[in-house]
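Here is a short report on a model with the sequence beside it. Please look at both as you read.

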Amino acid sequence: MPFDLETLAQRFRRLAPAGLDHASVRVVDEHSQTTRVRQDVAEPGERSHDRGAMVTAIAGDGLGYAATSDLSEAGLRAAIDRAAQWARLARGRSVFDAAPALPAPRGRYASATAKPLRLSTADRLDLLMRESKACRIDDRIVDWEASLWTVRTRQLTASLDGAETLQEHEFTIPALHVVAHAGDLTQTRSWGGRYNGYCQQGGLEVIERSGFVGCGRATAEEALQLLAAPNCPSGRMDVLLMPDQMMLQIHESIGHPLELDRILGDERNYAGTSFVTLDMFGAYRYGSPLLNVTFDPTRSEEFASFAFDDEGSRASREYLIRDGILLRPLGGAISQQRAARARADLGAVATARSCGWNRPPIDRMSNLNVEPGTSTLAEMIASIDDGLLMKTNASWSIDDSRNKFQFGCEWGQRIRAGQLAEVVRNPNYRGISATFWRSLSMVGDASTMEVMGTPYCGKGEPNQAIRVGHASPACRFDGVDVFGAER
Amino acid sequence: MKDLFFSLAGYAFGRLRGAEVLLANFAGEDSDFVRFNHARIRQPMTVRQGYLTLQLIDGRRHDRTTLTLTGVAADDRRAIDAAIEAMRADLRSLPEDPYLLYSTAADASNTERRGMLPSAEEAIDTLAGAGAGLDMVGILASGPVARGFASSLGARHWHAVDSFLLDWSVYAGGDKAVKASHAGQQWDRAEVARRIDATRAQLPLLARPPRSIEPGAYRAYVSPAALDELLWMLNWGGVSAKEQRTQQSPIQDLVDGRAALSEQISLREHLAGGLAPKFDEAGFTRPESIDLIRHGRHAGSLVSPRTAQEYGTASNGATEAESMQSMDLAPGTLARGEVLRALDTGVYVGNFHYLNWSDRSSARVTGLTRFATWWVERGQIVAPLSVMRFDDTLYRMLGAGLEALDSETDWILNNGTYGGRAIETSRVPGALISQLRLTL
């Protein structure tokens, strides 16, 4: 099938049956390539070309979906018929009161790529091999791997009521990690996070600005430092979380609890519910007055920037939490219409998204950022008399209401009398979302900001792992329960 | 799916030149999903997908590409041509791979397990009918799932299983719910309705005021579903030969003989009891059973062909991830009917949630209680327990602290659907533990 918007829209409108309240198709075409070098040996290359279509049909209060990789006329017709059948079967037995109203956008989006990444496989291997070889600095380095994952996606949507959009994304995700071992201790240190935390839109410029070049030796040296470091002490102390841990803190204890589908109960059998309830928006103190959180799909380099979500809503930057007060949830058009039964004044954000052609949109967090404050990193360190700096997430766990959390980092460093002191290994901390953010006492300025994210935000039934972005400054929290490893 | 795969694999083999070898793997499904909330329909859908992974090998150089299959022969053949050409061009610049290992056997196998699965009408009628009056939320997944392998050297393997999994929770209010699942190959509407109705029975207990307890060490009974969660943590790198060789296994102390689990713990990968295929991605036939822990001691590892080549050992047909697909923990002696009496006073854990390593080297895992978790006194359920966090090592929980395992096991089909429906299964008993360390 020709992959152009006009042909798709025309074909879809010709095939869609009459009598539906809404019918639309979303076609996703994704090319990806992953290159990996482990212990200076090229791992098997992985390329993929994934393409398919999801049809959405609405008949009264019934919604139905059908996904197919067969984009021929017959394949598309079969998917349309199946989606319509599901919608009609669900009619009168759905969670909706009436047919949900969906926008009919027209427009385009493309990643603001400065230097399209068109490296040959040989060039990709050269880049990774240089960093891999630089890791081999000591016999106690027992494993290491460097990788480069690049993705190009095109997504077309067309609907019976005139929607036509084309969104094109380019993602670049470099990563490296090193494992050091001695005696009965093993320590892992990563560059960019163990699970692809350095992930941005763009091409070669992502690698150039990331600091990936030259990271191999530095990361190996830090792994050895961790191996020699004492265990993290236990106690209540002030902590300074760096952006590569803040991204996880935001994700788990602000992002997920604010997802409207969790609040409406859709996720209770799998990902969970939320301690946040509809009545809290507009009045609830989520954090200290220093806490400002935005949904920002407009930051061009960030992982989940786009022009329209997968229900067709136009994306714009919105405050979710301002001066510590909770303002609005992360909910797309359909969830907002359901929530309107209880709260007609909830604000909207365009964040109903699907992870690919074979899953329907659900409420996600997309780009969720903590806005910068006014403190320099030096000022924050100097302000702590007895505390701990923590970097790079290593462990994450939080309850199904998104309240009781426990997180761990790869790297800890004591702060004494306003000065950075010794490195400690296996730093962990625990707390409760509803009170933790109120202990936010300093927010770093723009110079401390980093743009990160994850390709693996998981939720939904059937399950969906999706790309989300998190930009954050370093932040200080007071009186946190900190502890280390068994030995 | 079978005809599509072998037809396209045959076409791809015909495009080879000289001494080139091609391996072809297939993963596909034709699934219906019905997502529901408050016993009403949220997202019903059909997903038809098939992925073909081609691995082109020339000497010790090789490259791999995965394609979505359309089912339209001309389109699929064009995509295969383009993929082979791109890989062939890349092979010239790739270094030789010292760890490449694949099956050269021209063997064959065929497993096709047909079932009786619900139609779209049947699925929605059953869920809307049996769930009436309940705050029921969850998903029904049903349809065939298939895996295939073929090589240009003559191998042909096919594995297709029809199955359904109804995975649901019934809420009594707030975060208090009963969790249940029902999987199989023969859909029986009356049996499904009976199982949904059975979850109603626990609702009066869940409606009691919840009990909150202080952090500390408590006697606990860990249900099969909860123990399954713990064992999947162990399965995250724990039994992988590569992780063990590079000192990264969370049970490294067990592997190296520095620690042991209870003698009651015997764990194996047991394909005969599961849904996973009996061949791996490199075309090797997998053994029926592999002992991994025997009476609390390390007994074996899952070794993929690549790891075998790297470390000069024998492969046992493990997948590239070197994780169990058909986990089997041997039962013990505790009768199910005696569980509450044996627990006496403590915590009955219905489910765990969101587990992760808090200290990987020491096999220390943290997570939360979830769903129907109870406070028990003198062998009687007193009240649902408010959510508690635990943080403890497998060596304590399943070592000195393990008092008994159930004499029965539950068969659990993994409810994961990331990318496609999971084929992993577990057979596990429950466990009575003298001390579970609750921290928050």
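Helix α3(A) covers residues 121-135 of chain A and has 15 residues. From its first C-alpha to its last it reaches 21 Å, close to the 21 Å expected at 1.5 Å a residue. That expected span is 1.5 Å times one less than the number of residues. Helices (H or I, at least four residues) and strands (E, at least two) are DSSP runs, numbered from the N terminus.

This is a predicted model: local features need pLDDT of at least 70, side-chain atom pairs count only at pLDDT 80 or more, and totals for chains, interfaces and linings use all residues. Residues are numbered from 1 along each chain as its sequence is written, while chains are lettered from A and ligands numbered from 1 in the order in which they are written.

Which residues of α3(A) are buried? They are T121(A), R124(A), L125(A), L128(A), E131(A), S132(A) and C135(A). Buried means that 20 or more other C-beta atoms, placed from the backbone, lie within 10 Å of the residue's own. An α-helix has 3.6 residues a turn, so residues three or four places apart point the same way. The cover over the buried residues of α3(A) includes β1, β2, β6, β7 and α5 of chain A, together with α2 of chain B.

Now take chain A as a whole. It holds ten helices and 24 strands. Of its 487 residues, 60% count as buried. The radius of gyration, taken over C-alpha atoms, is compared with a rule of 2.2 Å times the number of residues to the power 0.38.

| Property of chain A | Value |
|---|---|
| Radius of gyration | 24 Å |
| C-alpha box along the principal axes | roughly 70 × 55 × 35 Å |

Two residues are in contact if their C-beta atoms, placed from the backbone, lie within 7 Å.

Pairing needs at least two bridges found by DSSP. S169(B) stands opposite K179(B) in β7(B). The two strands form a hairpin with two residues between them, and G174(B) in the turn has a positive phi of about 55°.

Key:
Buried ≥ 20, exposed ≤ 12 C-beta atoms within 10 Å, placed from the backbone.
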